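Please consult the sequence and the structure shown below.

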Amino acid sequence: MKPTEVLEREHQVIEQVAGACGTCAAALRKGVRIPFDILRSTVAFLRVYGDQYHNQEEERLFALLREKGVPAGSCPIATLEHEKQKLATMIDQLSAAVDIYIESAGAVNATLIDTLQAVAEFYPDHIWKENYLLLPMADKVFTEADQQALAQSLRTIDSDRGEAARRIVEEFNAAIFQCSESASIWDQAAIA
Ligand SMILES: [Fe+2]
Ligand SMILES: [Fe+2]
């Protein structure tokens, strides 16, 4: 599997969690209480899998593109870099909103609903740009040797952080499955 395909596969995992954020937002709007574990593991997923693992890998891809002479200000790189900053703020907001929701025993949820919705809307658009613009561009620009260098970088990151990232996916799934009373809501949310 090419390294760009590895990143694309990870996008599917991230999109599932983004979808679960939308499910949570919709459920909260209907007055359903969301188990705290689901919210905690969503934040942990976005930080550990999304930021520390997947973003780290994408950083290597960006660095390699720059080395190949692709200008940092070009489309879609500039947009994606900007969105990454926006995402970091959003995850901090989500984490704070989850803390407030838990501390208030589920009573204070307005910011939580808005932020979950924002995360759910952010990812499909961001990932679309990566899957259809960034990764195809990388496949065109990179030589076979570049692909191998990127693959090696991804293997190094994976040996460092892959295990923690996969554990977070398991914890997220466990949190969803534990919520058996509302199984119909959560069935589709678990990562396949
Ligand atoms: Fe990505
Ligand atoms: Fe990204």
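Helix H2 gives the most to the lining of the largest cavity, with five residues; helices here are DSSP runs (H or I, at least four residues), numbered from the N terminus. The model is predicted, so that local features need pLDDT of at least 70 and side-chain atom pairs pLDDT 80 or more, while totals for chains, interfaces and linings use all residues. Residues are numbered from 1 along each chain as its sequence is written, and side-chain values use heavy atoms, without hydrogens and water.

**The cavity**

The structure holds one cavity of 30 Å³ or more, and the volume of the largest is about 70 Å³. A cavity is a set of points on a 1 Å grid over the protein atoms alone where a 1.4 Å probe fits but cannot get out, and lining residues have an atom within 4 Å of a point. A volume is the space filled by probe spheres set on the points. Among the lining residues are His 11, Asp 51, His 54, Tyr 123 and Glu 130. Two or more lining residues come from each of H1 (3-29), H2 (36-67) and H4 (110-141).

**The nonpolar cores**

A nonpolar core joins buried (under 20% relative accessible area) Ala, Val, Leu, Ile, Met, Phe, Trp, Tyr and Cys residues through side-chain atoms within 4.5 Å.

| Core | Size | Residues include |
|---|---|---|
| Largest | 42 residues | Ile 34, Phe 45, Tyr 49 |
| Another | 16 residues | Leu 7, Leu 61, Leu 135 |

Note on methods
Chains are lettered from A and ligands numbered from 1 in the order in which they are written. On a 1 Å grid over the protein atoms alone, a cavity is a set of points where a 1.4 Å probe fits but cannot get out, and a pocket is an open set with protein on both sides within 12 Å along at least five of seven lines; lining residues have an atom within 4 Å of a point. Buried means under 20% relative accessible area, exposed over 50%, partly exposed in between (1.4 Å probe, protein chains only).
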